[in-house]
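Please keep the sequence and the model in view while reading.

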Amino acid sequence: MSSGLQIGIMDLMNHLIGALDAPFAGAVVFGVHFDGHLVVEALLVAVIVFLLFQKSYQPQKRPLTRKEIDQLCDEWVPEPLHPAITKEMEIEPPVLESDEGVHWGIQNGLFLSRSIVKLFKHNDMKALENILEEIALEDKRVKKVLNRRFIVVEAIYQNSGQLVPLDEIISLKEKYKFRVLVDESNSFGVLGKTGRGLTEHYGIPIQKVDIITAGMGYALATTGGFCTGSAKVVDH
């Protein structure tokens with residue numbers, strides 16, 4: 001027999017031996033040595049198939065008891081819909097000086113504004129000045145910067161029919177560095193030579209009044225309303 005044929009026969013025998021020994025070759029699973037890796041792999045496949053065909057966990061279908069509902073509500077912590085307000089985001093609330101005789105709509109607006117509201121005696125300019133002086137002294141004591149501060153009055157008071165002394169209001173406004181908001185619901189179209197309201201009646205430039213508001217369902221006998229002021233205020 002030639003040497004080439006012998007080599008071929010030996011190679012064939014080695015392949016046969018390797019094929020027969022392959023199922024029983026060694027394997028290490030999780031650090032544990034096993035003889036016969038194909039046997040181990042077959043077992044693993046069987047376990048996986050078994051797990052796949054198992055029924056998933058199904059919770060018991062029953063309504064929650066009152067005690068369980070209360071417990072869930074106690075444990076629930078709602079997430080805020082807006083970011084947390086930091087100290088840097090906090091602002092000083094406005095200060096509103098208002099005549100105590102203003103009508104209900106203004107009173108309600110003052111309450112809803114969440115501002116610092118101080119009321120002075122109806123049409124009493126001395127009482128108003130006393131309160132303005134107190135605020136000025138307190139601001140000076142704490143070295144507080146000027147913030148949004150308004151004197152809120154009606155041109156013609158709906159509850160009393162009295163006219164506000166606008167000339168004195170403007171004088172106090174300029175002295176104590178406040179702004180003035182005048183409601184002209186009952187005076188617009190009535191006061192003044194051409195019906196332009198309180199400022200025309202007193203001959204005071206309208207620019208000295210920072211904000212003018214009016215409900216058009218009073219003197220104008222229609223619907224709607226308006227709020228206007230200087231370009232700076234409107235832009236703000």
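A residue is called buried under 20% relative accessible area, exposed over 50%, and partly exposed in between, with a 1.4 Å probe and protein chains only. At 32% relative accessibility, glutamate 133 therefore counts as partly exposed. This is a predicted model, in which local features need pLDDT of at least 70 and side-chain atom pairs count only at pLDDT 80 or more, while totals for chains, interfaces and linings use all residues. Residues are numbered from 1 along each chain as its sequence is written, and side-chain values use heavy atoms, with hydrogens and water left out.

The protein chain contains eight helices and eight strands; these are DSSP runs numbered from the N terminus, helices being H or I with at least four residues and strands E with at least two. Of its 236 residues, 26% are buried. A contact means heavy atoms within 4.5 Å; among contacts between residues at least 6 apart in sequence, 53% join residues at least 24 apart. The chain exposes about 17,300 Å², of which carbon and sulfur atoms supply 62%, the areas coming from the Shrake-Rupley method with a 1.4 Å probe and, for residues, only the protein chains shown counting as cover.

Strand S5 (residues 149–154) is mostly covered, with six of its six residues buried. Arg149, Ile151 and Val153 point one way from this strand, and Phe150, Val152 and Glu154 the other way. Two strands are said to pair if DSSP finds at least two bridges between them. S5 pairs in the parallel sense with strand S3 (residues 95–99) over four bridges, and here glutamate 97 stands opposite isoleucine 151. S5 also pairs in the parallel sense with strand S6 (residues 179–183), over five bridges; glutamate 154 has aspartate 183 in S6 as its bridge partner. Between S5 and S6 the chain passes through helix H6 (residues 166–176), and this β-α-β crossover is right-handed, meaning that, with the strands pointing away from the viewer, the path from the first strand over the helix to the second runs clockwise.

The charged pairs come next. Side chains of opposite charge can pair when their charged atoms come close. A salt bridge is a side-chain nitrogen of Lys or Arg within 4 Å of a carboxyl oxygen of Asp or Glu, and a search of the whole structure finds six. One of them joins arginine 149 to aspartate 139, with the closest N and O atoms 2.6 Å apart. Because arginine 149 lies in strand S5 and aspartate 139 in helix H5, this pair ties together parts that are ten residues apart in sequence. Arginine 149 is buried at 4% relative accessibility, and aspartate 139 is buried at 10%.

Lysine 175 meets glutamate 129 in a salt bridge (3.0 Å, N to O), linking H6 to helix H5 across 46 residues. Lysine 175 is exposed at 52% relative accessibility, whereas glutamate 129 is partly exposed at 22%. Glutamate 133 also belongs to H5 (residues 125–141), and its C-alpha atom is separated from that of lysine 175 by 9.9 Å. Lysine 208 lies in the loop between helix H7 (198–202) and strand S7 (211–215), 34 residues from glutamate 174.
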